[in-house]
Amino acid sequence: MEILRGFKDILPTDIKKWHKLEEIARNTLESFGYKEIRTPLLEKTRLFARGVGEDTDIVEKEMYTFLDKSNESVTLRPEGTAGVVRAYIDNHLENLPYKKYYYIGAMFRYERPQKGRLRQFHQIGVEVFGIDNPSIDAEIVHLDKTMLEKLKIGDLRIEINNIGCDRCRPEYIKKLQEYFTQHKDKLCEDCKRRLNKNPLRILDCKNKGCKTVAKDAPKITDYACDNCKNHFNNVKKKLQSLNIEFIENPYLVRGLDYYTKFVFEIITDKLGAQGTVSAGGRYDGLIEQLGGKATPGIGFASGCERLIELMDEEKELLFDYYIANLSEDDYALDIASKLINLTNKRIYVEYEKRSLKSMMKKADRMGTRFVVIVGENEKNKNSVLVKDMKNSTQNEYDLKIFLDNEVKRWL
RNA sequence: GUGGGUAUAGCUCAGUUGGCAGAGCACCAGGUUGUGGCCCUGGGGGCCGUGGGUUCAAGUCCCACUACUCACCCCA
């Protein structure tokens, strides 16, 4: 039996980093006033088709979609926003006094795996509803940046762009199509395809020929409506007053249909081709699109696996006590259960019959602070032999005194 | 879906013009009758990815398949 392609086990050797990531993320999000929400991994296919956009690659070819036993088409969530928006509408969360949410969880996309890309992956994301003030755009960038700093991830750049709204973007896309159609012969095959489907993507193409054509293409700044322009300018001002450095990238495009106005990405050069660590933006039309009242929205998501890869490994002790039981007697087990009850520390009880030498070696390799050695001698004296693996000191104690000492140690 | 690279011990990888399957790390035991790290000695472990072909002889050469991986596409 092998694991599915693009799926990964997270083993005990990696779990420390995951816990740390989740802890730092939660603390940062909570300190910014965001509340956790958990939505199902499985939703009706229609939700994503309508929310993410029928013509996006995600919906067209990357979804894990199947019929359930009542012949309903269901889909493992390929992204987090649609589900949270659905929950917001379903549960009438507009009546709650707070509108800032976050989630941490698995997403699924049927893609060819590569560095920084899996079929099941995890995202930390936030969604904010009902606020169109540009301050909130700046806040989520600030929040994202703060979280990354607390994770000690450096060498990142923040890129931002304005992609317009329902009112001005269609006009811009039309102009873009007209322009690129004139230069069709210079475009790569992919971009010829994009011309009809998603001309914005041509701006983002890495092909040299396309890049030179794109350089003189119409700019959104010339077509954006006043509303979008003002909004974007205000976001930039807020970012500046927060001392957040950013790069304005007019070619920054997002792959999901629902984005409007302000979009941003946080990018590293250390992850090969998949360098986007976080990305997001505003989606002012989405909630209405999914059947709610017209409500502005904004959010972003970070890829956990990408963050994990950028985090430093920290060596830590994995166990506080290793119980080296040299006899068949229950005396050692009794000590172990007392220790667990009294100290609530991490205690590994050895059940394999092996030499003390091999147990010491094992305790050392496992990363253990104290080895509690218990054999016939100790049992007869009602004592324990305790070796401090860090200082290489060893003492024998009366059992009662030992337990008292250990309780005090961790206070 | 398309292209490149890789596939040998639990892990990282050697393996010469085709000629007995290797190292380091890890694991186990001993050196030390109840004491870790360093050192020394020994040990267990292999369908050499799968299937075909060439050959007296294939880990090695050829073909196909599969998996992994990187990249494209796209995205976190």
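So, the lining of the largest cavity: eight of its residues are nonpolar, two are polar, and none are charged. Keep in mind that this is a predicted model. Which residues line that cavity? They're Asn161, Asn162, Ile163, Tyr172, Leu200, Leu203, Ile220, Pro250, Leu252 and Val253. The space inside is about 30 Å³. And how many cavities of 30 Å³ or more are there? The count comes to one.

Okay, now the second largest pocket. Here we have about 500 Å³ of space. There are 21 lining residues, and the ones closest to the pocket's centre are Lys8, Asp9, Trp18, Leu118 and Glu305. If you want to find the pocket by elements, look for α1, β6 (120-129) and α12 (304-310), which each give two or more residues to the lining. The largest share comes from α12, with four residues. By class, this lining has ten charged residues, five polar and six nonpolar.

Helix α1 covers residues 12-31, and helix α5 covers residues 134-150. Their axes come within 9 Å of each other and cross at roughly 145°. Is the crossing left-handed or right-handed? Right-handed. On the α1 side, the residues in the contact are Ile24, Ala25, Thr28 and Leu29, and across from them in α5 you'll see Leu143, Thr146, Met147 and Lys150. Sorted by class, that contact has five nonpolar residues, two polar ones and one charged.

Note on methods
Residues are numbered from 1 along each chain as its sequence is written. Chains are lettered from A and ligands numbered from 1 in the order in which they are written. This is a predicted model: local features need pLDDT of at least 70, side-chain atom pairs count only at pLDDT 80 or more; totals for chains, interfaces and linings use all residues. Side-chain values use heavy atoms; hydrogens and water are left out. On a 1 Å grid over the protein atoms alone, a cavity is a set of points where a 1.4 Å probe fits but cannot get out, and a pocket is an open set with protein on both sides within 12 Å along at least five of seven lines; lining residues have an atom within 4 Å of a point. Grid points are joined across faces, edges and corners, and a volume is the space filled by probe spheres set on the points. Ala, Val, Leu, Ile, Met, Phe, Trp, Tyr, Cys and Pro count as nonpolar, Asp, Glu, Lys and Arg as charged, and the others, Gly among them, as polar. Axes are lines fitted to C-alpha atoms, for helices over the stretch in contact, and angles run from 0 to 180 degrees between N-to-C directions. A crossing is left-handed if the near helix is turned anticlockwise from the far one by less than a right angle, and right-handed if clockwise. Contact means heavy atoms within 4.5 Å.
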